[in-house]
Amino acid sequence: MKKSALYVLALFFVLNSCTRDEFQNENSKIENVQSDPLTGKQINAEINSTIKNTGSFNWKNASDHLLWSAIFRGNRMVSVGFGSSQDDFDRSLSTDSKSMQAAVLDLIKEHEGIEQDRFLISSDQYLNQIDIIVEKEETITALRKMKTIRYVEPGDYHYFEIENRSNPNSKSSGSSSGCGFETTALNAADYTTTTPNARIPWAFSKHNIPNAWNYSTGAGVTIGLIDTGVSPEQTLLGSSFNSGASSGRTISKFGSYVNGSATDGPADQCGHGTKMASVMTAPKNNAGLPVGVAYNANLITYRAASNVVLETSSEQNGVKTAFTDLANNTSVKIISMSMGHIFSVGKIEDGVKYAYSKGKLIFCAGGTSTSFTNFVGVIFPASMSETQAVTGVKEGTSNQKCDVCHSGSQIDFTFQMERANGNTVPVLSYYNNQADYVGGSSVATAATAGIAALVWSKNPSWTRDQVLNKMRQSATYYPTVNSSYGYGNINVLQALQ
């Protein structure tokens, strides 16, 4: 069973894949008479048609002309993955990495007719992956024929921007960035109070988390959060991270999202990342605000994107960098990401596989959208076998997805996050002394990552697979996986006994 994920992605108009032969047959007439690139609207129509007919889309199955057209419309940027096989993504384990990259660069130089410093944008330090600029379709065709090429993809094609611009219906349905800076007075029915004066979100009790705290609070476990950063105006995720019953832990904040010529730092400018950090690790103190699932766990956050839709080259590179950085941090055991795309991105896939190869337990959001797009299944990278895909369900259920959540065969776990009255999970807001609500598969994912921290803290010598198996054994449908909701809701107390 395997995955897909995320909060807000009304970004799922239609998805993915047909074979290369099918694409070539469909486009043969166009390619015989047309050397000009397809328009963005034409490219999206091909993508949408494939998703509607097959359920998914992957650039590896696109014709050379469709691929080159998307590259041309995406600032000519190309992401290239190379290797001796599909699993040869790690430079440190690749015996021929330098020569393979050199051969790729030589081919580009030959076909583009320019020197390397004019087309090479970057070469990844840890992965067999480069970003380049390509002008000619013949270069793309030649690259795809090389035996050492794992993928050739557009590096900066803005599918959703084009869709919104060319399809008025998509605008009315609205695709969301997941951002927001709201604060809300919490309904007293949506929380209980515990000492010293912390509010326990209603959803926690549904998963038996408060009783589980008698056995584990996440101490000694480090979670890596890949999102939009953490607000500098929320001190409970800063200078007051250790307060009340939360002590002896650390929070570290980094930025891997490049805005312009440099990263714009670790500070959340969206609001989404702050809420995810809160539901995982907000302190248990006397502030009268919501507490996190693993309120004694360490947290490392990355501002890897401007919002939850991983569409631009800067966002995709930011996420890739966050995954490799967290992979190489030996203190990190768990990675949570509530962002994604409707189809796969090769460089992010490499980053996920790299982190997985380092023993990390990775949770990704299954997908969140409006009614116009919620027919789409699990999104990327939750759709990957290396990740645990999580979605949100309604209170008291394990097989009724929230109104905007995605489901499908790749889902692994569910988390109750939507009440009958529509209220979702109380969390810290962007601002000090303020709270808000957050829903969708985003909060379900972050909460489940927090649950994993509780289990791992109780059993510090366990491997990733042992932790995961215990979570499965403590869930609704174990040992039989539900076709759309995986193992279902986790009884956290049971997972810790």
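## Burial and the position of Thr281

A residue is called buried here when its relative accessible area is under 20%, and in this predicted model Thr281 counts as buried because its relative accessibility is 0%. Of the 497 residues that make up the chain, 60% count as buried, and the chain contains 15 helices and 17 strands.

Thr281 belongs to helix H10, which covers residues 272–281. Once the neighbours within four places in sequence are set aside, Thr281 is in contact with Ile223, Leu237, Phe241, Arg249, Gly292, Ala294, Tyr295, Ala297 and Leu299. Across the chain, 79% of the contacts with a separation of 6 or more are made by residues 24 or more positions apart.

## The seven-stranded sheet

Seven strands form an open sheet with parallel pairing, in the order S8-S11-S7-S12-S13-S14-S15. Strand S8 (251–255) and strand S15 (411–418) stand at the edges and have a single partner strand each, so one side of each is left without a neighbour in the sheet. From one strand to the next, the twist averages 25 degrees.

Within this sheet, strand S7 (residues 222–227) and strand S12 (residues 332–337) run parallel and are joined by five bridges, and Leu225 has Ser336 in S12 as its bridge partner. Helix H10, the helix that holds Thr281, lies across S7, strand S11 (298–303) and S12, and runs at about 160 degrees to S7.

## The hairpin of S16 and S17

Strand S16 (residues 425–428) pairs with S17 in the antiparallel sense over four bridges, and the bridge partner of Val427 is Asp436 in S17. Six residues lie between the two strands of this hairpin, in which Asn433 takes a positive phi near 60 degrees.

In a regular strand, side chains alternate between the two faces of the sheet.

By residue type, the lining of the second largest pocket divides into four nonpolar, 10 polar and four charged residues.

## The enclosed cavity

Rolling a probe the size of a water molecule over the atoms shows where empty space is left. A search of the whole structure finds one cavity of 30 Å³ or more, and the largest cavity holds about 100 Å³ of space.

The residues that line the largest cavity are Trp59, Glu153, Pro154, Gly155, Asp156, Tyr157, Glu311, Gln316, His341, Phe343, Ser344 and Val345. The lining of the largest cavity divides into five nonpolar, four polar and three charged residues.

Note on methods:
Residues are numbered from 1 along each chain as its sequence is written. This is a predicted model: local features need pLDDT of at least 70, side-chain atom pairs count only at pLDDT 80 or more; totals for chains, interfaces and linings use all residues. Side-chain values use heavy atoms; hydrogens and water are left out. Ala, Val, Leu, Ile, Met, Phe, Trp, Tyr, Cys and Pro count as nonpolar, Asp, Glu, Lys and Arg as charged, and the others, Gly among them, as polar. Buried means under 20% relative accessible area, exposed over 50%, partly exposed in between (1.4 Å probe, protein chains only). Contact means heavy atoms within 4.5 Å. Two strands pair if DSSP finds at least two bridges between them. Axes are lines fitted to C-alpha atoms, for helices over the stretch in contact, and angles run from 0 to 180 degrees between N-to-C directions. On a 1 Å grid over the protein atoms alone, a cavity is a set of points where a 1.4 Å probe fits but cannot get out, and a pocket is an open set with protein on both sides within 12 Å along at least five of seven lines; lining residues have an atom within 4 Å of a point. Grid points are joined across faces, edges and corners, and a volume is the space filled by probe spheres set on the points.
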